[in-house]
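Good morning, colleagues. Please take a moment with the sequence and the structure on the screen, and I shall then go through several points in turn.

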Amino acid sequence: MTTHRITLIPGDGIGPEITTAMQSVLEAAGVDISWEKAEAGAHLMERLGTPLPEATIDSIRANKVAIKGPVTTPVGSGFRSVNVQLRKELDLFVNLRPAFSLPGTGARYEDIDLVIVRENTEDLYAGIEFEEGSLEAAGLIAYCEESGAGRIRPDSGISLKPISVTGSRRIVSWACEYALANGRTKVTAVHKANILKYSDGLFLRVAREVGEGYAGRLQFEDRIVDACCMGLVMRPEEFDVLVLPNLYGDIISDLCAGMVGGLGIAPGANIGEEYAVFEPVHGSAPKYAGKNVANPTAELLSAVLMLRHLGEAEAADRILTAIRQVLNEGTAVTYDIRRANTGSTDGSVGTTEYSNAVIAHL
Ligand code: NAP
């Protein structure tokens, strides 16, 4: 049996509880993992002066694969999100967010099976911004006016939206390869190329070129982002794999998470050529920290994605089946699932009790 050496980043808030629950399920499933614990989180600021120590990045570089809990990003404190830093440092250009129906979640939709492939490094999230009133913003505003590009009000803040041929080609190619490898039949590229001709227009042009290379193997189509949102809500069965620039990917993946029952059950992965970091979509939910109430399903499903990435498909399937059974029975579920089904949290169980129920079904 192969021993997988994995970097484990518990994070903060509810992170330590849900990652402990995840570890116990993977161990009970018999997967041979040697965990290397690494730190990240707001709580490190005082001691280390950074929420993301170099040792944590080094550990991921050495092990290639990491799984993490959420990390708090205090609003206005001046330090950059740990997740954004990790994506940049390790060039994790894919944000993979599957959204599929599970029984017993009280979700508004049934039979959803979508995969969102979000570009993770470009677009409005590139972090290139000019503050209102700054010299740089004034210079850019003057340049736009002088060059005839257009007038910008002098009291504007400005964020740039770079979208490259390289970035677009690699994300759309990745989405198509993922679709083929996972028995999917259709890829939809999402954009606003009718308005944003040079950024989204480029993304669409490159996406179509890449899509042509898969003719006969995959159906390839494109949709304008606003129409796509309506289509997802009205006729989700028309979609399969969606590939999107960063901002639309962020928004649409949460929309799809909402369709299948919310953040407590939405898994994710950040993937690059060399490294992969698995994590739930949700944040650190500080108000529930240390209370043994958070739902660890999103963390567990992120681990299921990780196991598939590691070639441990049998264990992944077994864990997914156990989760389905526990949710379907509905007797040992966390407060959020109980509330979605009955309107009250009465009768819910804690994080540990739920993960023990999953273990009992393995
Ligand atoms: P959040 O932590 O995701 O929590 C928002 C709400 O979602 C919770 O109050 C809870 O709703 C529900 N929820 C989230 N996770 C849950 C779970 N495991 N089980 C049950 N319910 C869950 O979002 P936030 O409050 O906006 O963000 C808190 C911090 O997390 C921020 O500092 C943010 O920057 C950070 N964050 C980190 C990551 C990451 O590390 N990947 C991602 C997103 C946000 P109810 O109270 O209604 O039940």
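I begin with a pair of strands: β11, residues 267-271, and β12, residues 276-280, run antiparallel and are joined by five bridges. Within this pair, G268 of the chain faces E279 in β12. Please bear in mind that what you see is a predicted model.

Let me now turn to the sheet as a whole. It is an open sheet of 10 strands with mixed pairing, and the order reads β2-β1-β3-β12-β11-β4-β5-β10-β8-β9. The edges are formed by β2 (33-37) and β9 (219-224); each has a single partner strand, so one side of each remains without a neighbour in the sheet. On average, neighbouring strands are turned by 25° against each other, direction ignored.

Next, the helices. Helix α3, residues 54-63, lies across β1 (4-9), β2, β3 (65-68) and β12, and runs at about 155° to β1. Helix α7, residues 200-212, also packs on the sheet, where it touches β8 (186-191), β9 and β10 (241-244). The direction of α7 makes about 165° with that of β8.

What is the nearest side chain of opposite charge to E119? That side chain is R170, 4.8 Å away. A salt bridge would require a distance within 4 Å, and E119, although buried, has none. Apart from neighbours within four places in sequence, the contacts of E119 are F93, G167, I171, L244, P245 and N246.

Terms used: Residues are numbered from 1 along each chain as its sequence is written. This is a predicted model: local features need pLDDT of at least 70, side-chain atom pairs count only at pLDDT 80 or more; totals for chains, interfaces and linings use all residues. Side-chain values use heavy atoms; hydrogens and water are left out. Two strands pair if DSSP finds at least two bridges between them. Helices (H or I, at least four residues) and strands (E, at least two) are DSSP runs, numbered from the N terminus. Axes are lines fitted to C-alpha atoms, for helices over the stretch in contact, and angles run from 0 to 180 degrees between N-to-C directions. Contact means heavy atoms within 4.5 Å. Buried means under 20% relative accessible area, exposed over 50%, partly exposed in between (1.4 Å probe, protein chains only). Lys and Arg count as positive and Asp and Glu as negative; His and the chain ends are not counted.
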